[in-house]
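Please look over the sequence and the structure shown here before reading the notes that follow.

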Amino acid sequence: MPVEASLLEILACPACHAPLADKSADDPAELVCTGTGCGLAYPVRDGIPVLLVDEARKQA
């Protein structure tokens, strides 16, 4: 289930405050930080973004 576009416009990475890219249609469903130095991917569970740094995974 994709994240609503209006919600995605106001969300930002909690770690670096960069915008997030919607990868919720992928498997696993995630919102990915677009910041150059951050690289965190936040899970989306049941259509709800979990924007906790402790829950994010570092992208390779």
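In this predicted model, buried residues, meaning those under 20% relative accessible area with a 1.4 Å probe and only protein chains considered, make up 35% of the 60 residues in the protein. Because the model is predicted, local features need pLDDT of at least 70 and side-chain atom pairs count only at pLDDT 80 or more, while totals for chains, interfaces and linings use all residues. Residues are numbered from 1 along each chain as its sequence is written, and side-chain values use heavy atoms, with hydrogens and water left out.

**Elements**
- The protein has 1 helix and 5 strands, which are DSSP runs numbered from the N terminus (helices H or I, at least four residues; strands E, at least two).
- From the N terminus on, these elements follow the order α-β-β-β-β-β.

**The hairpin**
- Strand β1 (residues 20-23) pairs with strand β2 (residues 30-33) in the antiparallel sense over 4 bridges, where pairing requires that DSSP finds at least two bridges between two strands.
- The two strands, β1 and β2, form a hairpin with 6 residues between them, and Lys23 has Glu30 of β2 as its bridge partner.

- Leaving aside residues up to four places away in sequence, Cys33 touches several residues, including Cys13, Cys16, Cys38 and Leu40, where contact means heavy atoms within 4.5 Å.

Notes: Buried means under 20% relative accessible area, exposed over 50%, partly exposed in between (1.4 Å probe, protein chains only).
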